[in-house]
Amino acid sequence: MRGLAFSAVLFGLSLLGTNANADIASAIEIPTEVRVGNEAQTAYIFKLPEGDRANPDIILTRGETYSIVAEFGGAHPFYIRNQSDDANTEGVVGQGVASPGTMTFTVTESTPDLLYYVCDFHADMRGNIYVVNAPEAANKSIPLPALGLLLIAGGVLAAGPRRSR
């Protein structure tokens, strides 16, 4: 029975360590203000502290407001779209921004988990936007020790009552 409870705890811990969405693993968190240029008609270039990135998949956090400072010409309007390819307008000021200009995007609790940034004219200029909860909000779920106790209790219950010899 101890082995069953221990296995349940290990199984629970391995689930906590699993990335449910493997695509987000290569995405990068961006600062709340980022300058974005372009490379011809092939890429938006995000100018980040760690270096320039072409069409990166990005991570935004709910509750934050982001400023996209356009450093590209009018031939590359920057839009934030949802999965059905409609412009996502909730929290966005300056949709379709081009240089010189700034788009602001306030990420709310109702912002979808997956959005896209796109150039309205060039299909190669695009990337995924993954929206995540703030770390402190994410930690308000079941604490790890309580989860372990639940898994142990589940293992004990699944094993049945202890029989005396």
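These legends accompany close-up views of a predicted model.

**View 1. A five-strand open sheet.**
The strand order is β1-β5-β11-β10-β7, and the pairing is mixed. The edges are β1 (28–29) and β7, each of which pairs on one side only. Strands β1 and β5 run parallel and share two bridges. E29 has I59 of β5 as its bridge partner.

**View 2. A six-strand open sheet.**
Here the order is β4-β3-β2-β6-β9-β8, again described as mixed in its pairing. Strands β4 and β8 form the edges, with pairing on one side only. Strands β6 and β9 are antiparallel and joined by six bridges. T65 has T106 of β9 as its bridge partner.

**View 3. The largest nonpolar core.**
This core holds 27 residues. Y44, F46 and F78 touch the most other members. The elements giving two or more residues are β2, β3, β5, β6 (65–70), β7, β9, β10 and β11 (126–132). F46 can be followed through its contacts beyond four places in sequence. They include V34, R35 and V36. Among them are also G51, D52 and R53. P56, I58, F78 and Y117 complete the list.

**View 4. The aromatic cluster and a stacked pair.**
Y44, F46, F72, F78 and Y117 make up one aromatic cluster. The model has six aromatic pairs. In the pair F78 and Y117, the ring centres are 5.5 Å apart and the planes meet at 10 degrees, so the pair is stacked. The cut-off for stacking is an angle under 30 degrees. F78 belongs to strand β7 (residues 78–81) and Y117 to strand β10 (residues 114–119), so the pair ties together parts 39 residues apart in sequence. Both F78 and Y117 are buried.

The charged end of R81 sits over the ring of Y79, 4.6 Å from the ring centre. R81 also meets D120 in a salt bridge, at 2.6 Å from N to O. The pair links distant parts of the chain: D120 is in the loop between β10 and β11, and R81 is in strand β7, 39 residues apart. D120 is partly exposed, at 39% relative accessible area. R81 counts as buried, at 12% relative accessibility.

**View 5. The salt bridge of R62 and D113.**
Side chains of opposite charge can pair when their charged atoms come close. The model has four salt bridges in total. In the one between R62 and D113, the closest N and O atoms are 2.6 Å apart. R62 lies in the loop between β5 and β6 and D113 in the loop between β9 and β10, so the pair ties together parts 51 residues apart in sequence. R62 counts as buried, with 10% relative accessibility. D113 counts as exposed, with 51% relative accessibility.

**View 6. A salt-bridge network around R35.**
R35, K47 and E71 are linked in a network of salt bridges. Within it, the side chains of E71 and R35 meet at 3.2 Å, N to O. This pair links distant parts of the chain: E71 is in the loop between β6 and β7, R35 is in strand β2, and they are 36 residues apart. E71 is partly exposed, at 33% relative accessibility. R35 is also partly exposed, with a relative accessible area of 39%. R35 is one of the contacts of F46 as well.

Most residues other than glycine have a negative phi, and most peptide bonds are trans. A40 is not a glycine, yet its phi is positive, about 50 degrees. A40 lies in the loop between β2 (33–39) and β3 (43–48). A40 is exposed, at 54% relative accessible area. N55 also has a positive phi, about 45 degrees, without being a glycine. N55 lies in the loop between β4 (51–54) and β5 (58–61). A cis peptide bond joins S99 and P100, with omega about -10 degrees. P100 is placed in the loop between β8 (92–93) and β9 (101–106).

Conventions:
Residues numbered from 1 in each chain as written. Predicted model: local features only at pLDDT ≥ 70, side-chain atom pairs only at ≥ 80, totals over all residues. Heavy atoms only, no water. Phe/Tyr/Trp six-rings, centres within 6.5 Å; stacked < 30°, edge-to-face > 60°. Helix = DSSP H or I, 4+ residues; strand = E, 2+ residues; numbered from the N terminus. Buried < 20%, exposed > 50% of the residue type's maximum accessible area, 1.4 Å probe, protein only. Lys NZ or Arg CZ within 6 Å of the ring centre and 35° of its normal. Pairing = 2+ DSSP bridges. Core = buried A, V, L, I, M, F, W, Y, C linked by side-chain atoms within 4.5 Å. Contact = heavy atoms within 4.5 Å.
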